[in-house]
Amino acid sequence: MAQYCFGIDVGGTSIKCGLFDTSGKVLDKWEIKTRVEEGGRHILPDVAASILQKTKDASIPAEDVAGIGIGVPGPVNENGEIPCAVNLHWGQKCIEEELRTLSGYPVKAANDANVAALGEMWKGGGEGARNMILVTLGTGVGGGIIVNGRIVAGAHGAGGEIGHACVDPNEEEACNCGGHGCLEQTASATGIARVARRMLAQSERTSVLRGQEITAKAVFDAYKEEDQLAADIVSVFADCLGRALGSFSCVVDPEVIVIGGGVSKAGDVLIQAIEKSYKKYAFSACRDTPLVLAKLGNDAGIVGAAKLILDAVEN
């Protein structure tokens, strides 16, 4: 009976690695550099080498390892294949097959945001739930959808890409994805700052935001000080995100909606602002769905990756 597993979260700069027991307790965690040169060909060999070294150092027999779960920044299909991962300089790659060959262990791969959602469901803000939406508000807007305890990956591995749902068809500026009016353009950290700069330019009202670097943190700090212009910026953000979550919830019917990412560090005031808007737009059966803060922070990816492989080997 396997006693251990590994959870891997591949980022553009570093790769987070975790050794877990099968109950989900993290026994060790570490990071290695993401070597994206030469088309990212070193990434999976580096992961395998690091894992094999860890098992050697910890004197863990191969038969005691259930396998490796891995989250990567891009759409992963049910066969563990990815068409491309721009941040890793990858083109088409069979992640599961390659890492299995390199390590000798079973491997299960998925999109990193979906894996983070699985982690928050298992040991974080959504613990105890089987149906959940995770929204990560960072440089962009990521997300993951869990239904009956399973990641909704979709036909092309793009399930949960909620940041690119169109919420403002009148927006003329293009999103990084090439679309217009994406949720990410208003609800991400960069989106909040973008809205703030636009509103500051359109108004001459006094605000503590004038004369300082405009960031999402600055906006929420000003909001907590009851700055009226900051309140208007937060209102635009909250209305947009609350309306989007209301739409998503009537499709998923989640038990809980978990809010993570750097913007979530604003804390309870963020949840209160979104919740007010969410209740306004949500379908009646979903109106009382709780909105909570994520709990795992940067560990969500490795925790979810561990759960990913444990679920895979059980089935």
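Five strands form an open sheet in the order E10-E9-E8-E11-E12, with mixed pairing, two strands being counted as paired if DSSP finds at least two bridges between them. Strand E10 (150–151) and strand E12 (291–293) stand at the edges with a single partner strand each, so one side of each has no neighbour in the sheet. Helix H9 (residues 268–281) packs on this sheet, touching strand E11 (256–260) and E12, and its direction makes about 160° with that of E12; contact here means heavy atoms within 4.5 Å.

The model is predicted, with local features requiring pLDDT of at least 70 and side-chain atom pairs pLDDT 80 or more, whereas totals for chains, interfaces and linings use all residues. Residues are numbered from 1 along each chain as its sequence is written, and side-chain values use heavy atoms, without hydrogens and water.

Two helix pairs are listed below, with axes fitted to C-alpha atoms over the stretch in contact and angles running from 0 to 180 degrees between N-to-C directions.

| Helix pair | Angle | Axes apart |
|---|---|---|
| H4 (residues 112–123) and H10 (residues 300–314) | about 85° | 7 Å |
| H6 (residues 189–201) and H8 (residues 228–252) | about 130° | 10 Å |

H6 is therefore oblique to H8, whereas H4 and H10 are roughly perpendicular to each other; angles under 35 degrees count as roughly parallel, over 145 as roughly antiparallel, 65 to 115 as roughly perpendicular and the rest as oblique. Residues making the contact between H4 and H10 include Trp122 of H4 and Leu308 of H10.

Notes: Helix = DSSP H or I, 4+ residues; strand = E, 2+ residues; numbered from the N terminus.
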